[in-house]
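Dear colleague,

Please find the structure below, handed over for your study. The notes that follow it set out what was found.

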Amino acid sequence: MELVLNSPLDMHLHLRDADMLKIVAPLSSYSFAGGIIMPNLVSPITSIETLVEYKQRVKDAIGDDNFEPLMTLFFKSDYTYDFLKEAKKYISAIKLYPFGITTNSKDGVSSMKIEDLRQTFEAMSELNIPLLVHGETNGFVMDREKEFGSVYEQFATSFPKLKIIMEHITTKHSVDLLDKYENLYATITLHHLLITLDDVAGGALNPHLFCKPIAKRPEDREALLSVALLVHPKVMFGSDSAPHPMSKKESCGCAAGVFTAPIALQALATLFEKHGVLENLQAFVSDNAKRIYNFTPIKKKVVLEKKLFTTPVLYKNIVPMFAGSELPWSIKNVR
Ligand code: DOR
Ligand code: ZN
């Protein structure tokens, strides 16, 4: 049995920089036609110059693969209209991180008050630049995303022309917001469709499944599955594949992030097949993103086949999700 995916896209991807970039970029560029590249480098991407330089390093790491890196800027509340007008030529979106909420977010925003964000939001609205949001407060870890819901509602109502993408949603509450506000969209990761908090910390602690936002309750995962498997028109796949060296994962002070890029399509095919909706995977991994971002991706056919894939235990010094386990689907070829 085969499954052909046309131009699969990963709409939330961490490629990092330097040696790590060289390891992970080819793993995404092999099986995806493009991806939204996150700007949370150690020094976040806030200027056109650093963005262009980073894009070139990404391209160098990809080599000859047919893959379009869709670049993003790290949100700042004092971007001017003129700056963003120029930046729009190079970017697909801007990513907002609350201060200190996750990896490399110390330059994130410390006030979510509309008045403090208005300048950048107004310019983005006028220029039609999508806003990507890491939606968590600093509250109790299981409630952070739900608490951020009122912020999403304020953003959505105050800037009705702004396309707001709730990144890596993990709760039923966020799923419900999709139908309440026309300008709210969402990405969903592979790992949040598969795991709950029990898989992270219910038995022996699994640091490789520790991420932000933390995986939630079974009913939250059910809500995510319902919109992903039936491909709600406002959701799309974004892996949030977030590699860290093994030494930073298997340690006290474990870094947040699940590394899924090399197994994402194989695992998604497994999940969609298990639920009898394999034919819906195309829309989840490509068609919805094309429509939501209003762009035409590079043409690429990824052929998967029903053949066991044994996930490597390590990619250099990075442990992938499903390390050492078998998946029933593998990638046959890419054209
Ligand atoms: O688990 C996560 N890892 N969540 C994020 O939001 C950031 C990411 C990273 O960059 O490591
Ligand atoms: Zn992320």
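**Surroundings of ligand 1**

An oxygen atom of ligand 1 lies 3.2 Å from a polar backbone atom of glycine 257. This is a polar contact, meaning a pair of N or O atoms within 3.5 Å; within protein, one must be able to donate a hydrogen and the other to accept it, and residues adjacent in sequence count only if both atoms are side-chain atoms. Please note that the model is predicted: local features need pLDDT of at least 70, side-chain atom pairs count only at pLDDT 80 or more, and totals for chains, interfaces and linings use all residues. Residues are numbered from 1 along each chain as its sequence is written, chains are lettered from A and ligands numbered from 1 in the order in which they are written, and side-chain values use heavy atoms, with hydrogens and water left out.

For histidine 14, the separation between a polar side-chain atom and a ligand oxygen is 3.4 Å. In total, 14 residues surround ligand 1, where near means that a heavy atom of the residue lies within 4 Å of the molecule. The closest are Arg16, Asn40, Thr103, Lys212 and His244.

Lys212 also takes part in a cis peptide bond, which joins it to proline 213 with omega at about -5°. Proline 213 belongs to the loop between α8 (197-202) and α9 (218-229). Helices (H or I, at least four residues) and strands (E, at least two) are DSSP runs, numbered from the N terminus.

Is serine 241 buried or exposed? Its relative accessibility is 0%, so serine 241 counts as buried. Buried means under 20% relative accessible area, exposed over 50%, and partly exposed in between (1.4 Å probe, protein chains only). Serine 241 sits in the loop between β9 (235-237) and α10 (246-249). Leaving aside residues up to four places away in sequence, serine 241 touches His12, Leu13, His14, Val258, Phe259, Thr260 and Ala261; contact means heavy atoms within 4.5 Å. With alanine 261 there is a polar contact: a polar atom of the serine 241 side chain lies 3.0 Å from the backbone nitrogen of alanine 261.

Threonine 196 is likewise buried, with a relative accessible area of 6%. The loop between α7 (190-194) and α8 holds threonine 196. Its contacts, again not counting residues up to four places away in sequence, are Ala215, Lys216, Arg217, Pro218 and Arg221.

**Helix pairs**

How do α1 and α2 pack? The axes of α1 and helix α2 (residues 48-62) are 8 Å apart, at an angle of about 70°. Axes are lines fitted to C-alpha atoms, for helices over the stretch in contact, and angles run from 0 to 180 degrees between N-to-C directions. The angle makes α1 roughly perpendicular to α2. Angles under 35 degrees count as roughly parallel, over 145 as roughly antiparallel, 65 to 115 as roughly perpendicular and the rest as oblique. Leu21, Lys22, Ala25, Pro26 and Ser29 of α1 meet Tyr54, Arg57, Val58, Ala61 and Ile62 of α2. By class, this contact has 7 nonpolar, 1 polar and 2 charged residues. Ala, Val, Leu, Ile, Met, Phe, Trp, Tyr, Cys and Pro count as nonpolar, Asp, Glu, Lys and Arg as charged, and the others, Gly among them, as polar.

Helix α11 (residues 264-274) and helix α12 (residues 281-293) have axes that come within 9 Å and cross at roughly 135°. That makes α11 oblique to α12. Leu265, Leu268, Ala269 and Phe272 of α11 make the contact with Leu281, Phe284 and Val285 of α12. This contact has 7 nonpolar, no polar and no charged residues. Helix α11 is mostly covered, with 8 of its 11 residues buried. Just after α11, glycine 276 takes a positive phi of about 70°.

Alanine 18, in helix α1 (residues 18-31), has a positive phi of about 55° although it is not a glycine. Alanine 18 is partly exposed, at 49% relative accessibility. Phenylalanine 322 has a positive phi near 65° and lies in the loop between β11 (309-310) and β12 (326-327). At 28% relative accessibility, phenylalanine 322 is partly exposed.

Yours sincerely
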